[in-house]
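Let's take a friendly walk through this structure, one neighbourhood at a time. Please keep the sequence and the 3D view open beside you as you read.

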Amino acid sequence: MASTSREKWLLFFYTVPSKPVSNRMKIWRKLSQAGAFQLKGAVYILPATDEHVEFFQWLISEVTSMSGDGVFVRVTRVETVSDADIMELFNRQRAVEYRRIEKQLEDLDRRASSIRKGADGQGSKKVSEQFQKLLKEYDGVKKIDFFSSKTGETLKKRIRALEAEMKTLTGPETKARSIEAPHRRVEDYSGRTWTTRKRPFVDRMASAWLIKRFIDDKAVFLFIDEQDMQALGEDAVTFDIRGGEFTHVGDLCTFEALIKSFSLKAKLLPKIAEIVHELDMKDGKYENPETAGLEEILAGIRKTAKEDAEALEKGMAVFDMLYASKT
């Protein structure tokens with residue numbers, strides 16, 4: 001952005017009549033969309049740029065048309081707050097907006113993963129449209145990320161990675177799988193190496209818990225990139241990975257496919273399966289109030305765990321406690 005002069009900041013002061021309330025909301029919304037930070041009361045601040053000077057000039061005209069009053073000033077500094085602290089305030093405000101986008105991005109990533117693994121084959125167009133909408137929202141926040149916050153830079157990398165992945169999902173619609181979950185015997189899967197994708201989350205955490213508790217109590221877990229699956233040994237069993245032995249089938253997530261494949265009959269598993277399905281598939285098939293809180297916990301584990309094995313162990317412990325709470 002081009003600076004107007006050596007002044008660093010623009011402070012905007014305004015008042016409008018209390019009624020109608022819609023006028024106040026209109027001004028607030030425009031300030032928010034411009035990225036202004038509410039410094040105190042009805043005082044807003046923006047970096048001193050030509051664009052922001054013009055914006056405030058137009059905004060004062062609008063405030064005046066509402067029988068209100070407004071003024072803005074250019075300053076080199078704010079005496080009670082350092083420049084660094086003001087920039088941090090802007091960055092924190094952008095971080096809140098970026099995190100909201102990040103949450104939606106994680107949901108889309110899981111939907112895209114379902115499509116890659118052969119489930120929900122008709123959903124690629126819808127997911128692509130949702131991603132384009134999210135990308136537009138991200139670009140809007142990026143325009144008002146005046147100081148290139150670290151949160152924004154981190155999210156940018158994830159956006160670009162998913163953008164590249166989305167290109168592989170476009171084109172002719174993929175036909176959904178019509179195959180059934182494979183039928184397997186528990187006794188044939190003892191002491192095996194169960195292999196899945198890196199950065200485990202809901203379906204992989206839940207599936208690993210299911211495997212360890214009901215299928216193979218001596219299971220060892222391995223994490224790989226999808227392209228490395230062909231190099232695995234004969235003893236490896238793959239799950240929740242494209243082309244794996246156990247993965248999404250039709251509208252079943254991996255957790256549900258495992259239950260069906262091994263004909264697991266524990267009476268509480270269907271309830272757990274509904275929760276996992278809703279968190280992983282996001283298709284509205286089940287509505288369960290427990291999903292939101294559980295997702296936050298698992299997301300926290302994923303963000304704080306230093307290694308995939310640590311994330312998986314902690315995630316499995318959460319599902320262990322969830323199962324115990326229902327007994």
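Contact here means heavy atoms within 4.5 Å. What you see is a predicted model, in which local features need pLDDT of at least 70 and side-chain atom pairs count only at pLDDT 80 or more, while totals for chains, interfaces and linings use all residues. Residues are numbered from 1 along each chain as its sequence is written, and side-chain values use heavy atoms, with hydrogens and water left out.

Start at Thr291, which sits in helix α9 (residues 290-304). Helices (H or I, at least four residues) and strands (E, at least two) are DSSP runs, numbered from the N terminus. Setting aside residues up to four places away in sequence, Thr291 touches Ile275, Glu278 and Leu279. Thr291 has a relative accessible area of 12%, so it is buried. For reference, buried means under 20% relative accessible area, exposed over 50% and partly exposed in between (1.4 Å probe, protein chains only).

Now move to Leu108, a residue of helix α3. Leu108 is buried too, with a relative accessible area of 7%. Beyond its neighbours within four places in sequence, Leu108 is in contact with Val127, Gln130, Phe131, Leu134 and Leu162.

A pocket is an open set of points on a 1 Å grid over the protein atoms alone, where a 1.4 Å probe fits, with protein on both sides within 12 Å along at least five of seven lines; lining residues have an atom within 4 Å of a point. The volume of the second largest pocket is about 190 Å³, counted as the space filled by probe spheres set on the points, which are joined across faces, edges and corners. By class, its lining holds 2 nonpolar, 2 polar and 5 charged residues; Asp, Glu, Lys and Arg count as charged.

Finally, look at the open sheet of 3 strands, with the order β6-β5-β7 and parallel pairing. Its edge strands, β6 (220-224) and β7 (236-238), each pair on one side only. Two strands pair if DSSP finds at least two bridges between them; β5 (residues 193-197) and β6 share 5 bridges in the parallel sense. Arg197 stands opposite Ile224 in β6.
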